[in-house]
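Here is a short report on one structure.

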Amino acid sequence: MTKSLRDYTPARVDLGRSGHSLPTRELLDFQLAHAQARDAVHLALDVNSLAVELNQKNIPSIALASAAPDRTTYLHRPDLGRQLNPDSRERLQELKSSYDAVFVIADGLSAPAVHRHATPLLEAILPKLDWNIAPVTIVQQGRVAIGDEIGEILGAKLAVVLIGERPGLSSPDSLGIYLTWNPRPGRTDAERNCISNVRAEGLSYTLAAHKLLFLMNEARRLRLSGVPLKESAQALPPHG
Amino acid sequence: MKEFSHTAGNIVYRFDGLKTLLAKATPARSGDHLAGLSAASAEERVAAQMALSDVPLSTFLTEHVIPYESDEVTRLIADEHVPDAFAPIAHLTVGDFRDWLLSEQATGDVLQALAAGVTPEMAAAVSKIMRLQDLVSVAAKIRVVTRFRNTIGLPGRLSARLQPNHPTDDPKGIAASIVDGLLFGSGDAVIGINPVSDNLQTVEGLLRMLDRLREAYQIPTQSCVLAHVTTQMEAMQRGAPVDLVFQSIAGTEAANSAFGVNIDMLEEAREQALRLKRGTVGNNVMYFETGQGSALSANAHQGVDQQTCEARAYGLARHFQPMLVNTVVGFIGPEYLYDGKQILRAGLEDHFCGKLLGLPMGCDICYTNHAEADQDDMDALLTMLGAAGVNYIMGVPGADDIMLNYQSTSFHDALYLRKMFGLRPAPEFEAWLETMSATGIRACVGFLE
């Protein structure tokens with residue numbers, strides 16, 4: 001019985017108390033976590049550094065922006081974060097071809113997640129793919145569904161969106177991956193597959209790339225994504 | 001459809017129908033703006049409030065915001081309206097209704113008898129022309145008491161739902177959070193887990209674990225695993241120990257359909273739970289969660305503002321005589337409630353409307369990290385809900401839900417509120433706490449070894 005409750009859970013248990021309130025240290029620890037999460041939401045995506053970084057790894061990319069011009073509009077108007085602005089749309093149309101897949105990097109609700117995890121994850125997955133891949137698109141103020149429009153314009157059979165997830169207090173930099181077969185505007189969440197929680201304390205790049213490769217191959221084989229793909233994936237033995 | 005109008009200065013503001021009038025009269029919030037329903041200017045909003053205050057309450061019985069023919073929630077609201085209960089206010093306008101609610105004539109007993117005569121849209125309408133202190137003053141007069149294994153909502157009492165969520169549904173991790181909460185006196189409203197997985201085996205396993213823990217320590221409270229209602233029904237069929245049946249609900253048939261539920265299904269679930277006869281002091285077996293913006297997020301609001309939709313969800317909830325109902329006020333995000341100010345008002349509106357309609361209202365006082373809100377805003381809502389006599393709040397370890405990734409209220413917050421307002425836990429639970437020492441509660445961990 002000498003074990004602390006904290007040995008059983010990452011939850012904020014056994015905090016002690018000052019009167020009926022939180023002790024100072026616990027109060028400030030919480031404030032720090034909240035400050036980090038808030039900063040993560042509001043930090044601007046550094047598109048240039050990301051493009052340079054990808055270029056150094058010989059990964060071609062193109063920088064785009066959604067129809068939400070700033071963070072405040074983005075948070076108020078989810079619909080604008082799901083569509084490209086006219087200039088981006090025009091530039092993307094010049095790249096129209098027939099691709100097996102396009103990778104879309106979007107800030108979502110956490111640019112730090114993208115800064116930290118997007119490049120390493122692409123490095124882990126791209127060498128495993130003998131696919132005709134479109135240039136990587138980097139989108140500012142983007143939501144998951146913007147991959148639908150991008151995929152349709154480019155003529156890609158599959159859109160893979162790497163996006164900053166809504167930050168929790170203990171996870172300000174969690175990256176999510178969303179797959180959509182035959183992407184075009186109007187696709188619903190039920191038609192997507194998601195791999196969540198890619199970060200240092202969560203899912204590793206290797207494991208995330210492993211799961212992603214499996215889902216990409218299955219999506220191409222079954223020519224679909226979403227709930228039916230999830231069900232067939234569950235029937236297979238779990239991966240290490 | 002009726003046209004309503006109000007003249008402010010030399011401008012005549014016109015509003016086509018009750019639905020539009022209600023939306024334009026709603027205090028500013030991002031969700032109505034997103035839906036394109038809100039007033040175009042501050043002046044138009046107040047003009048709408050003035051026009052709304054002149055509308056007779058009887059109008060709400062003939063003009064439905066969503067047609068009777070196409071929506072089962074509207075049908076339930078209309079069919080269950082009790083004219084005799086409505087009689088004392090039948091001659092009033094919305095504006096008169098506010099005055100009457102605040103008057104000394106409208107005592108707790110009078111308001112309790114009134115509930116069946118008030119429709120959700122009437123409650124929403126009057127709340128739109130009330131200030132926060134009005135919402136607190138009137139709600140504080142109304143007590144709604146429910147019973148299962150203990151008694152929730154008595155005067156001078158404040159309960160807390162213990163919410164011991166864990167990112168992988170690990171039973172030991174969950175139990176550690178339960179022990180922490182019990183040490184702080186939380187858990188009398190319910191010990192309720194949001195599971196990561198809606199998988200039947202996982203849900204059943206958690207239900208059995210909660211039941212064993214409760215039985216071993218003879219805790220006079222109820223448990224719940226907040227899976228989809230159909231999963232809980234399957235679990236009951238397999239003999240799992242279900243105390244309260246949970247479901248998220250909304251105020252339109254279309255939104256509920258997006259949640260995968262309807263009235264018949266909820267009715268069946270309730271009957272199934274009643275047959276288990278697990279309540280010892282009462283038979284309120286349902287637990288509902290709601291929240292402004294849920295209908296809009298499912299694109300199922302049908303042109304009705306989010307606060308009126310929310311009140312309609314309460315109209316649905318009361319049909320099932322629930323043990324617990326709470327709005328999860330700030331969970332949905334800033335596109336519906338942008339900041340601390342909007343969350344504060346919405347929380348108090350929801351509590352007021354729920355209580356006026358006769359529901360045992362609690363509140364998940366909460367926010368996400370992309371909303372313009374922080375702990376200070378939650379303290380303000382928490383304290384005002386304490387003054388308003390809220391039935392229960394959430395107890396989450398350190399206010400940080402590590403599974404749902406949002407911030408709610410903590411075990412400490414429940415202690416604070418009890419201390420500030422001289423409130424105590426549910427009587428049966430309080431008696432249990434008195435028999436248990438801190439060491440005794442801590443020993444509950446040993447149960448898992």
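In this predicted model, strand 2, helix 5 (residues 111–125) and strand 3 of chain A form a right-handed β-α-β unit. Strand 2 covers residues 102–106 of chain A. Five of its five residues are buried, so the strand is largely enclosed by the rest of the structure.

Which way do the side chains of strand 2 of chain A point? A:Val102, A:Val104 and A:Ala106 point one way. A:Phe103 and A:Ile105 point the other way. All are buried. In a regular strand, side chains alternate between the two faces of the sheet.

Strand 2 of chain A pairs with strand 3 of chain A and with strand 4 of chain A. A:Ala106 has an opposite residue in strand 3 and in strand 4. The table lists both pairings.

**Nonpolar cores**

The largest nonpolar core has 150 residues. B:Phe97, B:Tyr287 and B:Leu356 have the most contacts inside this core. Leaving aside neighbours within four places in sequence, B:Leu356 touches B:Phe97, B:Leu101, B:Leu111, B:Ala115, B:Val118, B:Ala123, B:Val126 and B:Ile142. A second, separate core has 38 residues. Its members include A:Leu50, A:Val136, A:Leu175 and A:Leu229. In soluble globular proteins, nonpolar side chains tend to be buried together.

**A buried threonine**

Where does B:Thr221 lie? B:Thr221 is in the loop between helix 12 (200–216) and strand 7 (223–225) of chain B. Its relative accessibility is 1%, so B:Thr221 counts as buried; the cut-off is under 20%. The side chain of B:Thr221 reaches the backbone oxygen of B:Gly187 at 2.7 Å. Beyond neighbours within four places in sequence, B:Thr221 has contacts that include B:Asp188, B:Ala189, B:Val190 and B:Ile191. B:Arg149, B:Asn150, B:Arg214, B:Asp243 and B:Phe429 are also among them.

**Chain B as a whole**

Chain B has 22 helices and 14 strands. The C-alpha trace of chain B spans about 75 × 45 × 40 Å along its principal axes. Its radius of gyration is 21 Å. A compact globule of 449 residues would have a value near 22 Å, so the two agree. Of the 449 residues of chain B, 64% count as buried. Among contacts in chain B with a separation of 6 or more, 78% join residues 24 or more positions apart.

Terms used:
Residues are numbered from 1 along each chain as its sequence is written. Chains are lettered from A and ligands numbered from 1 in the order in which they are written. This is a predicted model: local features need pLDDT of at least 70, side-chain atom pairs count only at pLDDT 80 or more; totals for chains, interfaces and linings use all residues. Side-chain values use heavy atoms; hydrogens and water are left out. A nonpolar core is a set of buried Ala, Val, Leu, Ile, Met, Phe, Trp, Tyr and Cys residues joined through side-chain atoms within 4.5 Å. Buried means under 20% relative accessible area, exposed over 50%, partly exposed in between (1.4 Å probe, protein chains only). Contact means heavy atoms within 4.5 Å. Helices (H or I, at least four residues) and strands (E, at least two) are DSSP runs, numbered from the N terminus. A polar contact is a pair of N or O atoms within 3.5 Å; within protein, one must be able to donate a hydrogen and the other to accept it, and residues adjacent in sequence count only if both atoms are side-chain atoms. Two strands pair if DSSP finds at least two bridges between them. A crossover is right-handed if, with the strands pointing away from the viewer, the path from the first strand over the helix to the second runs clockwise. The radius of gyration is taken over C-alpha atoms; the globule rule is 2.2 Å times the number of residues to the power 0.38.
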